[in-house]
Every structure is written in C-alpha cells, then in structure tokens.
Amino acid sequence: MRIGNLDGRLVILSGAGAIDVELASESRFSPDPQAIYERWAEFTAWAPAAAGLEPTLYNAGLLGAPAPAPRQSFGIGLNYRDHAKESGMAVPDQPSVFTKFPSCITGPYTDVVLPPDGHTDWEVELVAVIGTLAWQVDEDEGWDHVAGLTVGQDISERRIQLAGQPPQFSMGKSLPGFGPTGPWLVTPDEFADPDDLELGCAINGEDVQKSRTSHLIISVPQLVAKMSAVLPLLPGDVIFTGTPAGVGLGRDPQRWLARGDELVSYVEGIGELRQRFVTGTDS
C-alpha cells in the first residue's frame, strides 16, 4: 500500500490516481495524514476495502510529507562505512542519534532557501516511519513497528553543524526546508526485500551518491530495537536512517549546493524528491 499527503489530506495512491481516505471511509478516519499513525492497525485492516474504489487524477505538485508533523524526528549519523571513512570518523557500534527538528520537514517537491555564506550539503536517506508504539522491542520484531518507508534528504548546513565543540548536528540539519520527504509512504510488504534497496541522488543530472540500504551498519529493525531500548518510538515518528558516501563535505575540493541547483533523490521502489535551491532574494 502507498499512502500520501495530498494538499493536506490523507490519500491512498493507486497508479495515477488517489483515493481520499476520509471520504472513502465515510469519516471513519480523519483527513489529517499525521493522525493515521495512531490508528495504523485499524487503518491497514480497513484499507483493502478501498482498493475497489475508482481513484481520481491528482496534481503531484500538491503532495506533502507523508508524516508531516511527527512528535519525534531522528537522524542517524555515520551509518554507512564509506560515509564514516570520507568524514574521517570512526564507525560507531551504536546508533549515532541526533534530532532533525520537525519544523524542517517538508514535502517532496520544494524550493529550499540557502543560508547566506553557507556550506549546504546533501545526504540522501531511506526514511522509516513508525506505525505502532515501539518500546524495548527485539530486533526480530523491528519491522512490525514500521508503518512504511519513504525517501528523505538530510540537508545539512556544515558551517552551523561544525561551528563548535561539541558539534551542533541538530541545529545544522534543521533549517527551514532541510528535511524533505516523500513522495509517499510505501508499506514494507511492497518490497521483495525492504533491507536491500538502491538509493542515490544527482545534482543537475550529475550522480553524486549511489548505494544500497543493505550497506547500512545498523539496519532499520536494529535501529528500532536499539533506539526503543532507550526511549519509546511513537506512532508517526520519523527516522532518517543515514547516508552513504558522496556528500560534499567528503570531496576534494569540498562542494556545496548553490543557487539554481536541482537535487533529485530516489530510493528504489518508492520514488524521488526534487529540490531547487534558491536565495532569500529570489521571488
């Protein structure tokens, strides 16, 4: 199943069409995309009943974040060995967790304002959205608590992130628009192997990152287990699971996003994001 946020309303997506969940369920479910995660089991039990309904054409430009207002939004650092190497940092044996504040989360097709004199970097990531409360769960139960997967960009302002000691990861990664996600949420059962998906991104058509999620040091179910050992993961929470090598910080010379750049990011079996970078003076 694929679910989306179409102009602020929860929809089930089928081919080129969308089924409005509130209308199809006769108001059993709210139109609020974020609210559905609190009733995920009930919703997924009902959803097959909507499969026979006729979807309506929609404007993809109106798609928003599939989980637009999570109570908790996490980022995982250094979760691919090649990215840890290019960053000059040791490979962690536990999740290196920071916060991407929820105010940075946006939809799949956006203009992102570059900070003045910034060193703004790209990080394509698989994003997992929690579907049922996860508290002290075992690894073999990890996928049971994931509603689905989507594409994310952990856009990072390196000047802010690395300005002091300790580094300000959360601040440098949470500027407005620095957490695009989408274009929709795909449930894990849609994939032949949800632990092995190709992901990558390109700037102005030039490939800059490409890898597979099977190269994650700490997999999605392991992240759910290790993080839920410390704190409850709540329905609708978002986890940016980490990025592979190829970021601007790790290049020689280093490279940063510039005005007019288009960043296209994808995960196999899900879809793609498109971000255009502008300055505050652009209309």
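# Close-up views of a predicted model

**View 1. The largest pocket and the residues that line it.** The lining of the largest pocket is formed by Met-1, Trp-40, Thr-44, Trp-143, Val-146, Ala-147, Thr-187, Pro-188 and Asp-189. The model shown here and in the views that follow is a predicted one. The space in this largest pocket comes to about 160 Å³. Two elements, helix H2 (40-46) and E12, each contribute at least two residues to the lining of the largest pocket.

View 2. One cavity of 30 Å³ or more is present in the structure, and the volume of the largest cavity is about 130 Å³. Its lining consists of 16 residues, and of these Leu-78, His-83, Glu-123, Gln-161 and Phe-169 lie nearest the centre of the cavity. Strand E6 (73-77), helix H3 (81-87) and helix H4 (158-161) are the elements that give two or more residues to the lining of this largest cavity.

**View 3. The salt bridge between Arg-9 and Asp-20.** The side chains of Arg-9 and Asp-20 form a salt bridge with an N to O distance of 2.6 Å. Because Arg-9 belongs to strand E2 (residues 9-14) and Asp-20 to strand E3 (residues 17-20), the pair ties together parts that are 11 residues apart in sequence. With a relative accessible area of 28%, Arg-9 is partly exposed, whereas Asp-20, at 17% relative accessibility, counts as buried.

**View 4. The salt bridge between Lys-173 and Asp-154.** Here the side chains of Lys-173 and Asp-154 meet in a salt bridge, at 2.7 Å from N to O. Lys-173 is located in the loop between H5 and strand E14 (179-186), while Asp-154 is located in the loop between strand E12 (146-153) and strand E13 (156-157), so this pair ties together parts that are 19 residues apart in sequence. Both partners count as buried, Lys-173 at 2% relative accessibility and Asp-154 at 0%.

View 5. A salt bridge joins the side chains of Arg-255 and Glu-206, with 3.1 Å from N to O. Since Arg-255 sits in the loop between strand E17 (238-240) and strand E18 (262-267), and Glu-206 in strand E16 (residues 206-212), the pair ties together parts that are 49 residues apart in sequence. Arg-255 is partly exposed, its relative accessible area being 26%, and Glu-206 is likewise partly exposed, with a value of 39%. For the structure as a whole, the count comes to 18 salt bridges.

**View 6. Helix H6 and the elements that cover it.** Helix H6 is largely enclosed by the rest of the structure, because seven of its nine residues are buried. The buried residues of H6 are Val-220, Pro-221, Leu-223, Val-224, Ala-225, Met-227 and Ser-228. Their cover includes E6, strand E7 (96-99), strand E11 (124-130), E12 and E17.

View 7. When residues up to four places away in sequence are left out of account, Leu-231 touches Gln-72, Phe-74, Ala-134 and Trp-135. Between the C-alpha atoms of Leu-231 and Glu-38, which are 193 residues apart along the chain, the separation is 18 Å.

View 8. Phe-101, Ile-160 and Met-171 together make a nonpolar surface patch of about 260 Å². One of these residues, Met-171, belongs to helix H5 (residues 169-172).

**View 9. Thr-281 in the segment after strand E19.** Thr-281 is found in the segment after strand E19 (271-278), where this residue is exposed, with a relative accessible area of 73%. The C-alpha atoms of Thr-281 and Leu-133 are separated by 43 Å, and the two residues are 148 residues apart along the chain.

Notes:
Residues numbered from 1 in each chain as written. Predicted model: local features only at pLDDT ≥ 70, side-chain atom pairs only at ≥ 80, totals over all residues. Heavy atoms only, no water. Patch = residues over 30% accessible without salt bridge, like charges linked within 9 Å, V, L, I, M, F, W, Y side chains within 5 Å. Areas by Shrake-Rupley, 256 points an atom, 1.4 Å probe, with all protein chains shown as cover. Salt bridge = Lys/Arg side-chain N within 4 Å of Asp/Glu carboxyl O. Helix = DSSP H or I, 4+ residues; strand = E, 2+ residues; numbered from the N terminus. Buried < 20%, exposed > 50% of the residue type's maximum accessible area, 1.4 Å probe, protein only. Contact = heavy atoms within 4.5 Å. 1 Å grid on protein atoms, 1.4 Å probe; cavity = no way out; pocket = protein on both sides within 12 Å on 5 of 7 lines; lining within 4 Å. Points joined across faces, edges and corners; volume = space filled by probe spheres on them.
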